[in-house]
Amino acid sequence: MDAQVVIVGAGPVGLMLAGELRLGGAEVTLLERLPAPTTESRASTLHARTMEIFDQRGLLDSVGTPPNQGMGHFGGLPLDLTGLATPYPGQWKVPQTRIEALLQRWAVGLGADLRRGYDVRSLTVAEGHVEVAGPEGTDPLRAAYVVGCDGEDSSVRRLAGFGFPGRDASRELLRADVAGIDVPDRRFERFPNGLAIASRRPDGVTRVMVHELGRPVRRRVEEPSFSEVAKAWERVTGEDISGGTPIWLNAFGNASRLAERYRDGRVLLAGDAAHQQMPVGGQALNLGLQDAVNLGWKLAAEVTGRAQEGLLDSYHDERHAVGRRVLSNIEAQALLLLGGDEVDAIRAVLAELIEFPTVRDRLAGVISGLDIR
Ligand SMILES: Cc1cc2nc3c(=O)[nH]c(=O)nc-3n(C[C@H](O)[C@H](O)[C@H](O)COP(=O)(O)OP(=O)(O)OC[C@H]3O[C@@H](n4cnc5c(N)ncnc54)[C@H](O)[C@@H]3O)c2cc1C
């Protein structure tokens, strides 16, 4: 056996899981296709439960005190998060690249064996072990368990034959980080033919996001061009941003899928490999990190012979239920956010209800992860 556990994918979830497994005493090898960490700006929000976990693991010292936004939102409706019963109420702004860097230092520092440039292409489940291999010429690796933390298009999920039912995207948001433009900050401004969001960072770069009502979703093999984003922005807001310099371009939709199972024998899934969702309200990354924390100690106990019967299966039982609930919450938000005037009435009703502390605290509990014990 080359390791007790092989993790495929050294994104934030794979790295978190590797650290957790090491804390539980398991030997772990992480296989990552990218030769170096991604520099793409992706998620940027840590919610209260993840902050508590980072605190418990001594990771907050490296994060410092990130900027905190007390007001979150539910489908674009303001949602006060300041009353949450936690030392970390609100949402904490930390770029995903920084989170990955600190998790990598932590996991490798604890003894995880990280191998970059290893693209897993095959997976074979045998009696007593699983074998994964890269392209021809790479050494195959054997482990007692393999965990797919390899993102939305997970190879592990596909190779091991996990069902991944759900819906393709029917609506899309275009997004760009742009230097050299001057548009007003907008949290979620609804226009007659779409939605626009703009937020200027301290370094002067503005992130714009735009959704055009009724525009069919394209099957994309590449990110959108800046001209496509600028034209959509102009059609929705009337503003011309075409003179800016794009730093990063991206499109994302409201696809929603959940793996049928999080465990099939010696193969497990965590993070985006297990659930695909629209990245609204910063829940995707937090959901995945919390999968890793639920799984880590259980799998470590299993491979070191300390687990009680059924412990490892409780990972699926607990986290699949959480995934289903969060995905449904995200789908509701996507409808409220990206719907046209047909959702105005339901938005108005919800805006009234959200003022009631019970409603507010319930929604805030799901978004922050604090509703889970
Ligand atoms: C372009 C983009 C923009 C996003 N924007 C936001 C946002 O604004 N807000 C938000 O909350 N969330 C956002 N997300 C979602 C958020 O980034 C994810 O929820 C989070 O990264 C999930 O972490 P993960 O570790 O599960 O998967 P990932 O971060 O996708 O990591 C998977 C890792 O597996 C590796 N891998 C894949 N296949 C293989 C293979 N066969 N062999 C070896 N390695 C492999 C990949 O290279 C990658 O490093 C965005 C995601 C993307 C892709």
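Student: Is Leu 353 buried, partly exposed or exposed?

Tutor: Good place to start! In this predicted model, Leu 353 has a relative accessible area of 38%. Buried means under 20% and exposed means over 50%, so a residue in between, such as Leu 353 with its 38%, is called partly exposed.

Student: Which residues form a nonpolar patch on the surface with Leu 353?

Tutor: Together, the members of this patch have about 370 Å² of accessible area. Besides Leu 353, they are Ile 346, Val 349 and Phe 356.

Student: Now the ligand, please! How far is a polar side-chain atom of Glu 32 from an oxygen atom of the ligand?

Tutor: Glu 32 is among the closest of the 29 residues that surround the ligand. Gln 96 is also among the closest, and an N or O atom in its side chain is 2.8 Å from a ligand oxygen. Val 13 uses a polar backbone atom instead, 3.0 Å from an oxygen of the ligand. For the side chain of Glu 32, the distance is 2.6 Å.

Student: How much of the ligand's accessible area does the protein cover?

Tutor: On its own, the ligand has 980 Å² of accessible area.

Student: How many residues of the shell around the ligand are nonpolar?

Tutor: Helix H1, strand S2, strand S17 and helix H7 each supply at least two residues of this shell. By type, the shell has 8 polar residues and 8 charged ones. The number of nonpolar residues is 13.

How values were computed
Residues are numbered from 1 along each chain as its sequence is written. This is a predicted model: local features need pLDDT of at least 70, side-chain atom pairs count only at pLDDT 80 or more; totals for chains, interfaces and linings use all residues. Side-chain values use heavy atoms; hydrogens and water are left out. Patches are made of residues with over 30% relative accessible area and no salt bridge: like charges are joined within 9 Å, nonpolar side chains (Val, Leu, Ile, Met, Phe, Trp, Tyr) within 5 Å. Accessible areas come from the Shrake-Rupley method with a 1.4 Å probe; for residues, only the protein chains shown count as cover. A salt bridge is a side-chain nitrogen of Lys or Arg within 4 Å of a carboxyl oxygen of Asp or Glu. Buried means under 20% relative accessible area, exposed over 50%, partly exposed in between (1.4 Å probe, protein chains only). A residue is near a molecule or strand if one of its heavy atoms lies within 4 Å of it. A polar contact is a pair of N or O atoms within 3.5 Å; within protein, one must be able to donate a hydrogen and the other to accept it, and residues adjacent in sequence count only if both atoms are side-chain atoms. Helices (H or I, at least four residues) and strands (E, at least two) are DSSP runs, numbered from the N terminus. Ala, Val, Leu, Ile, Met, Phe, Trp, Tyr, Cys and Pro count as nonpolar, Asp, Glu, Lys and Arg as charged, and the others, Gly among them, as polar.
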